[in-house]
Amino acid sequence: MTNYTTAPRSLLLAGALFGAFTFAAAAQQPAAPPAAGAAPAAQPLPPGSPLIGRPDNEAAAKLAPVAGPPIAASPDKLPLAKLKVPAGFNIEVYAAGMANARSMALSDKGTVFVGSRLVDKVYAITNKDGKRSVKVLASGLYRPNGVAFKNGTLYIAELSQVSKIDKVDDVLDSPPKPTVIYDKLPKDEAHGWKFIAIGPDNKLYVPVGQPGNVVLHDADHGQIRRMNLDGSGAEVYALGVRNTVGFDWNPETKQMYFTDNGRDWLSETVPEDELNRVTKAGEHFGAPYCLQGNIIDQELGWGKDCKDYTAPVGLMGPHVAALGMRFYTGNMFPKTYKDAIFVARHGSWNKSKKQGGDVVVVKLNKDGTVKSMEPFLTGFLEDNKYVGRPVDVMLLKDGSLLVSDDWNGAVYRISYGKQKVAAQ
């Protein structure tokens with residue numbers, strides 16, 4: 001039975017009469033004419049727009065997401081000569097001509113699969129007799145950003161579903177339409193593109209970002225899910241995740257580490273993007289209430305305490321868009337890089353002085369916390385403008401490192417020593 005609290009009848013009647021009077025009086029007032037020369041009212045921003053919450057000042061008004069070139073750069077236009085790596089390392093173009101090249105996955109036979117966010121394609125880079133070529137593996141997809149490979153099968157994450165192509169290396173020349181295995185993902189555009197990977201537990205991990213900059217969301221957002229490789233058994237693995245576009249597992253502890261992008265418009269210097277570590281299923285990492293582990297959000301954090309959430313193991317810099325990351329498990333690089341994390345920082349857009357646009361190497365302490373963060377690949381940011389934007393990193397079987405660049409639609413290869421050609 002539902003109980004209602006009632007007011008005296010006289011008060012209700014008085015309220016109704018007062019409301020009717022004021023409404024009638026307002027209706028009799030002539031409409032105020034628009035001011036001469038007044039600018040038309042600004043149209044409301046669509047839900048999830050990154051410009052929602054932008055401060056009303058001249059400096060902030062100049063900041064907006066940076067649109068990259070609509071097509072891939074030709075090989076002779078790539079900024080290779082501007083890119084810098086530490087002494088002893090080499091960098092070369094691995095493949096080009098892939099518009100909006102984003103996340104990467106490697107097959108057992110050495111095929112490199114590359115997803116995209118702004119176009120409808122998944123690419124395949126093949127390497128035969130030392131000659132590499134690029135094929136369009138799938139098209140007509142919607143934001144196929146995420147790709148993962150396991151036991152001959154390629155998994156593709158679009159905005160709201162995950163699909164697969166079985167025995168993909170055998171059908172590169174005549175690939176079938178991907179088969180959908182999971183379609184219970186939200187359709188929000190904001191933070192809707194997915195990075196996916198398969199963990200040491202042989203499960204597929206799929207993130208669902210917050211549907212806006214800083215929002216109170218339902219139970220289907222702000223999380224990382226995991227599921228069986230056929231799409232069954234989906235469950236929430238981590239909570240309080242704003243927007244992760246990269247994760248990997250520590251080769252020693254098997255714990256997941258993931259990058260997470262901090263909210264916009266709080267200031268140009270905070271919050272910083274996070275590097276998080278999952279020690280048990282169900283952990284909450286703070287978003288949207290607690291930022292970078294120690295700042296309560298000024299809008300949504302009322303009554304919250306950062307001590308109630310899992311703090312990041314490291315901070316990646318403010319608004320740097322830390323995306324793809326991989327533990328280095330190869331043998332080509334010097335031993336100081338063993339089990340370190342390479343992280344692609346796509347670069348900021350809501351900072352007056354841009355930051356990021358590089359690949360950094362994060363070295364860990366024995367307890368799994370961050371010991372240091374050092375620059376590794378730089379040169380994508382020149383005179384506060386981008387000449388390229390790294391998205392993902394991935395190891396080849398020979399221990400060299402691939403870096404994707406969605407600005408130029410290319411993938412670069414970084415090797416160490418005299419070796420110049422990737423051995424697959």
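The legends below describe close-up views of a predicted model. Residues are numbered from 1 along each chain as its sequence is written, and side-chain values use heavy atoms, with hydrogens and water left out. Local features need pLDDT of at least 70 and side-chain atom pairs count only at pLDDT 80 or more, whereas totals for chains, interfaces and linings use all residues.

View 1. Strands are DSSP runs (E, at least two residues), numbered from the N terminus. E158 is buried, with a relative accessible area of 7% (buried, under 20%; exposed, over 50%; partly exposed, in between; 1.4 Å probe, protein chains only). Beyond its neighbours within four places in sequence, E158 is in contact (heavy atoms within 4.5 Å) with L141, Y142, R143, P144, S163, G192 and K194. The C-alpha atoms of E158 and W193 are 6.7 Å apart, although 35 residues separate the two in sequence.

**View 2. The largest nonpolar core, of 25 residues.** A nonpolar core is a set of buried Ala, Val, Leu, Ile, Met, Phe, Trp, Tyr and Cys residues joined through side-chain atoms within 4.5 Å. F333, F342, F376, L377, L401 and I414 touch the most other members. Strands supplying at least two residues each include β1 (89-95), β22 (341-345) and β24 (370-377); the largest share, three residues, comes from β29.

**View 3. T329 in the loop between β21 (322-327) and β22.** T329 is partly exposed, with a relative accessible area of 46%. Not counting residues up to four places away in sequence, T329 touches P251, K338, D339 and L395.

Key. Helices (H or I, at least four residues) and strands (E, at least two) are DSSP runs, numbered from the N terminus.
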